[in-house]
Amino acid sequence: RAVAMASKAGGDAQSFQLRNNMDAVVLDVSSATGGLYGIGMKVDTSPPHRVQAVTKLLDPEGQSANSKVAVGDILMSIDGVSLGTMEENERLIFGEQHSTLALRFRSKATDKEYE
């Protein structure tokens, strides 16, 4: 089972908002208003939520999990909850530092789902 640990990355709430207004959202920027952390990926804001970049995805032990997810794979669910709007998804993704999330993807290469 693949899980991602929330990790801190550079940036502030303003830069997150600017990036969020484009076609993709960066999910590794810490929030200036709540100390929340993302999971180290950039995904499309609209379905099918394809992974555009994997920047600092961590496993529960804090080791890099970047090679487990490929650009073009689709983020299907977070902690068993199917993705909705990016606002809903962000509520699922952002959390305390070192918290873990179960992520489910569909592989671009094989069209099979994996965790």
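**Figure 1. Antiparallel pairing of strands E7 and E8 in the predicted model.** Two bridges connect E7 with strand E8, which covers residues 113–114. Phe 105 has Tyr 114 of E8 as its bridge partner. Six residues lie between the strands of this hairpin, and one of the hairpin's residues, Asp 111, adopts a positive phi near 65°.

**Figure 2. Pairing of strand E5 with strand E7.** Strand E5 (residues 74–78) and strand E7 (residues 100–106) run antiparallel and are joined by four bridges. Within this pairing, Leu 75 is placed opposite Phe 105 of E7.

**Figure 3. The aromatic pair formed by Phe 105 and Tyr 114.** One aromatic pair is found when the whole structure is searched. The ring centres of Phe 105 and Tyr 114 are 5.4 Å apart and the ring planes meet at 20°; the pair is therefore stacked, as the angle is under 30 degrees. Phe 105 and Tyr 114 are both buried.

**Figure 4. The largest nonpolar core and the surroundings of Phe 105.** This core comprises 17 residues, and Met 41, Leu 57, Val 69, Leu 75, Leu 103 and Phe 105 have the most contacts inside it. At least two core residues come from each of strand E3 (41–44), strand E4 (51–54), E5, helix H2 (86–93) and E7. The greatest contribution is that of E7, with three residues. Leaving aside residues up to four places away in sequence, Phe 105 touches Met 41, Val 51, Val 69, Ile 74, Leu 75, Met 76, Lys 112, Glu 113 and Tyr 114.

**Figure 5. Glu 88 in helix H2.** Glu 88 belongs to helix H2. Its relative accessibility is 38%, so Glu 88 is classed as partly exposed. The Glu 88 side chain comes to 2.9 Å from the backbone nitrogen of Thr 85.

**Figure 6. Confidence along the predicted chain.** The chain has a mean pLDDT of 74, with 70% of its residues at 70 or more. Among the elements of the chain, the lowest mean pLDDT, 33, belongs to helix H1 (residues 13–20), and the highest, 94, to strand E6 (residues 81–82). Residues 5–22 have pLDDT below 50, and this stretch makes 48 contacts in the model beyond near neighbours in sequence. For residues 29–33 the pLDDT is likewise below 50, with 18 contacts in the model beyond near neighbours in sequence.

How values were computed. Residues numbered from 1 in each chain as written. Predicted model: local features only at pLDDT ≥ 70, side-chain atom pairs only at ≥ 80, totals over all residues. Heavy atoms only, no water. Pairing = 2+ DSSP bridges. Phe/Tyr/Trp six-rings, centres within 6.5 Å; stacked < 30°, edge-to-face > 60°. Buried < 20%, exposed > 50% of the residue type's maximum accessible area, 1.4 Å probe, protein only. Core = buried A, V, L, I, M, F, W, Y, C linked by side-chain atoms within 4.5 Å. Contact = heavy atoms within 4.5 Å. Polar contact = N/O pair within 3.5 Å; in protein donor to acceptor, adjacent residues only side chain to side chain. pLDDT = per-residue confidence, 0-100.
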